[in-house]
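This report looks at a protein model through its fold, its pocket and its surface.

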Amino acid sequence: MSGMPLTWPAWQHIFRIAGAIAGAALAGFVAHRIIYSLARRWARRAGRSHHQILVSAIAQPFGVILPILLVLAVIPIVPVSARVEAPAHHFLLICLIAACAWLLIRLAGYAEVVIARRYQIGAADDLLARRV
């Protein structure tokens, strides 16, 4: 079968599958931009710098996580063979795990910034800061 040319119905099937997956990824990117915009607005209105730092820390990982989740939701719906679906699903799960690890690393960095601001070493009374 590898040497056989693809017919127009076969190409249409491929385009439908690619369109569904690309549409899910695009919907994830658009949803991320909307959520990020709302979160930035909330952080500015809250008036606390650590809220803005949190939003900026988690923005990029969520920009990857959300499209992956939507593509994972679409993969079982599109009509592809199990030979293609299983490895694609596995690859997307690995990408999702990596993106979640990236999010946790960014959250740890955020916690470090918040703790460093709360307990400043150079303060006049820094005994509590040195204990932390």
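Which helices each supply at least two residues of the lining of the largest pocket? They are α1 (8-46) and α2 (49-74).

## Model and fold

This is a predicted model, in which local features need pLDDT of at least 70 and side-chain atom pairs pLDDT 80 or more, while totals for chains, interfaces and linings use all residues. Residues are numbered from 1 along each chain as its sequence is written, and side-chain values use heavy atoms, without hydrogens and water.

The protein chain has four helices and zero strands, in the order α-α-α-α from the N terminus, where helices are DSSP runs of H or I with at least four residues and strands are runs of E with at least two. Of its 132 residues, 22% are buried, that is, under 20% relative accessible area with a 1.4 Å probe and protein chains only.

## The largest pocket

The volume of the largest pocket is about 160 Å³; a pocket is an open set of points on a 1 Å grid where a 1.4 Å probe fits, with protein on both sides within 12 Å along at least five of seven lines, and lining residues have an atom within 4 Å of a point. Helix α2 gives the most to this lining, with seven residues.

By class the lining holds 10 nonpolar residues, one polar and no charged; among its members are H32, Y36, F62 and L69.

## A nonpolar surface patch

L6, W8, W11, I14 and F15 form a nonpolar surface patch with about 530 Å² of accessible area together; patch residues have over 30% relative accessible area and no salt bridge, and nonpolar side chains are joined within 5 Å. I14, which lies in helix α1, is partly exposed at 36% relative accessible area.

Conventions
Points joined across faces, edges and corners; volume = space filled by probe spheres on them. Nonpolar A, V, L, I, M, F, W, Y, C, P; charged D, E, K, R; others polar. Patch = residues over 30% accessible without salt bridge, like charges linked within 9 Å, V, L, I, M, F, W, Y side chains within 5 Å. Areas by Shrake-Rupley, 256 points an atom, 1.4 Å probe, with all protein chains shown as cover. Salt bridge = Lys/Arg side-chain N within 4 Å of Asp/Glu carboxyl O. Buried < 20%, exposed > 50% of the residue type's maximum accessible area, 1.4 Å probe, protein only.
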